Amino acid sequence: MPVSLTPNAITAINDGDVNLKPLLQVLEIKMIGRSQERSQERYRFLISDGVSAQHAMVAVQLNDRVKSGQFEKGSIVQLIDYICSDVKGRKLIVVLNMETIVQQSETIGNPTIFGETDTEAQKTFSGTGNIPPPNRVVFNEPMVQHSVNRAPPRGVNIQNQANNTPSFRPSVQPSYQPPASYRNHGPIMKNEAPARVIPIAALNPYQGRWAIKARVTAKGDIRRYNNAKGDGKVFSFDLLDYDGGEIRVTCFNALVDRFYDVTEVGKVYLISKGSLKPAQKIFNHLKNEWEIFLESTSTVELCPDEDGSIPKQQFSFRPISDIENAENNTILDVIGVVTSVNPSVPILRKNGMETHRRILNLKDESGKAVEVTLWGEFCNRDGRQLEEMVDSAFHPVLAIKAGKVSDFSGKSVGTISSTQLFINPDFPEAHKLRTWFDYGGKDTASFSISRDTMPGGVSRNEIRKNVSQIKEEGLGRSDKPDWITVKATISFIKTDSFCYTACPLMIGDKQCNKKVTRSGTNRWLCDRCNQESDECDYRYLLQVQIQDHTGLTWITAFQETGEEIMGCPAKKLYAMKYELEKEEEFAEIVRDRLFHQYMLKLKIKEESYGDEQRVKMTVVKVDKVNYTSESKYMLDLLVR
């Protein structure tokens, strides 16, 4: 039974035929190695139809089959799924799926590299030694025996022999004659047919024309940036297809205006004509080595009649007990029952902008509990709803998609821009948790992995120091800041400049808070916003002297910690001193705040002031001393 390679398949593939499913021979297999951006190796084949030969890249999902020896030099294979791309002016076949028809065969025909002249081809072959010298042969020996009873692939001609044993006879077919409609008509027009829809898992940078059909599962906010090229804006959204493949899509500048309002979470879209680049795993948690960057020619079309074959969301839940051993900054999915919700509090970021934070607690069947920190809009939108539920004695199930693990104080999970929260979702894991909690789980004790405490209620991650140790141990002088806790008494507060005038304007959903000055029009001017306003805000910038039994030092307290220390807003004190001129009342409030003892969490870091290096100590948390816990802590020190 002769095996016929599909005649002139290489030419047909280069002409755009992706439905041929040809039989070809593998003449060479070469691993082209790993790149710095990719963690997976890639394989390149030289494939032949007996007349022409051409290089083909093999998709990474076929790597295991190459390594296991299913494809080898001389194999006859059938291409099931493939495309032909133009890479730097050269045609390259990308094989997405193929099957082995004959495991091993000698070289069929006398193939030459597609697109080269005979002279060039002979130079290529003699240089590489991959293809034997010209010699047309027909092999009659039996090659491979098959016991599987199935229809032969296209291009295979089976003939029964007397001994009922199938055999394969390779042969060379006549040269390709293009259809008459392709001849003598000048240049062939560009192929404008719609790109074929492929799975997300099959995407790779070697494809010229592709399309994917997928559901938007997450969409980030528009972020603004400034670099050496100037100002810009960017946003991303995540896609999920019917096969479970996920990938992130990113748009910059003008494409943000074009596609931000078009894309909507939960809707299905047909997306084509974008470039693929290695995913930046620092920001991208999806299980895909590539990321799509849309371009001016890209299209994003809504599929209004989608049939529901693409799932709404894809989760990979981890039990809370697993989070205890997860590395810092790991992105994961977690689900649990909300047992408590704290009020939202304002937090000053390093860039001077204010945001909000809300902490809640989750527990699950693993016997562990974890703190979840909601940041920004999550505090107001989802956090308020959760707080109202818990206050009404109902404990909802909360599923978190793409939460970020932190090991700052034990282990906790925080929201990031791509995080999604699902309150009382309708899927099996949530129903199972609901049943567990309502029928006994509510009263089951859970150990918190977020508050790993020693006797006395002191966190194991809390570094206790006294005032003199700050200088003696050179804290704050390394590359990273030192975080310590001191028990100290406030002995003096500077009152000449206890606050500053801050910009009240909003940047997106956040207040600017940068310092403002009086303009010539007697209004308040913000250099950052480059705008004027009639009013300004007043925010604490306290210089406080603290002391303990070992010495004294100066610390700085900003807005939130300043209010904790002073017991009232900065605006009230400013008005009392400078507008109402109630100096005595102002002085009495300040005196009343002295000689109180606190547990102060400090951030210590060396900073440059002109040509001078100074160690700056900033208060990040102020707590009144709990003398019961402190006594237990001191007793524990005596026992050790």
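Guide: Contact means that heavy atoms lie within 4.5 Å. Helices (H or I, at least four residues) and strands (E, at least two) are DSSP runs, numbered from the N terminus. This is a predicted model, in which local features need pLDDT of at least 70, side-chain atom pairs count only at pLDDT 80 or more, and totals for chains, interfaces and linings use all residues. Residues are numbered from 1 along each chain as its sequence is written, and side-chain values use heavy atoms, with hydrogens and water left out.

Visitor: Against which strands do the buried residues of α7 pack?

Guide: A residue is buried under 20% relative accessible area, exposed over 50%, and partly exposed in between (1.4 Å probe, protein chains only). In helix α7, residues 428–438, the buried residues are Ala 430, Leu 433, Arg 434, Trp 436 and Phe 437. They cover an arc of only 165 degrees around the axis, so they are on the same side of α7; the arc is that of the directions from the helix axis to the C-beta atoms. The strands against which they pack are β13 (331–341), β15 (354–363) and β17 (397–406).

Visitor: Which exposed residues does the face of α7 turned away from its buried side carry?

Guide: Beyond the helix, α7 is followed by Gly 440, which has a positive phi near 125 degrees. On the face turned away from the buried side, the exposed residues are Pro 428 and Lys 432.

Visitor: What is the relative accessible area of Leu 360?

Guide: Leu 360 lies in strand β15. Leaving aside residues up to four places away in sequence, Leu 360 touches several residues, including Val 338, Val 370, Leu 386 and Leu 398. Leu 360 is buried, because its relative accessible area is 0%.

Visitor: At roughly what angle do the axes of α10 and α11 cross?

Guide: Axes are lines fitted to C-alpha atoms, for helices over the stretch in contact, and angles run from 0 to 180 degrees between N-to-C directions. Leu 573, Met 576 and Lys 577 of α10 meet Glu 583, Glu 585, Phe 586 and Ile 589 of α11. The axes of α10 (residues 570–579) and α11 (residues 583–592) come within 8 Å, and the crossing angle is roughly 140 degrees.

Visitor: In what order do the five strands close into a barrel?

Guide: Strands of a sheet pair through backbone hydrogen bonds, either parallel or antiparallel. Two strands count as paired if DSSP finds at least two bridges between them. In this barrel the pairing is mixed, and the five strands close in the order β23-β31-β32-β34-β33.

Visitor: How many bridges join β31 to β32?

Guide: A hairpin links β31 to β32 through two residues. Within this pair, Leu 542 has Ala 557 of β32 as its bridge partner, and Ile 546 has Thr 553. Strand β31 (residues 542–548) and strand β32 (residues 551–557) run antiparallel, and the number of bridges that join them is seven.

Visitor: How many of the seven residues of β31 are buried?

Guide: On the other pairing of interest, β23 and β31 are antiparallel over four bridges, and Phe 492 has Gln 545 of β31 as its bridge partner. Strand β31 is mostly covered, and the number of its seven residues that are buried is five.
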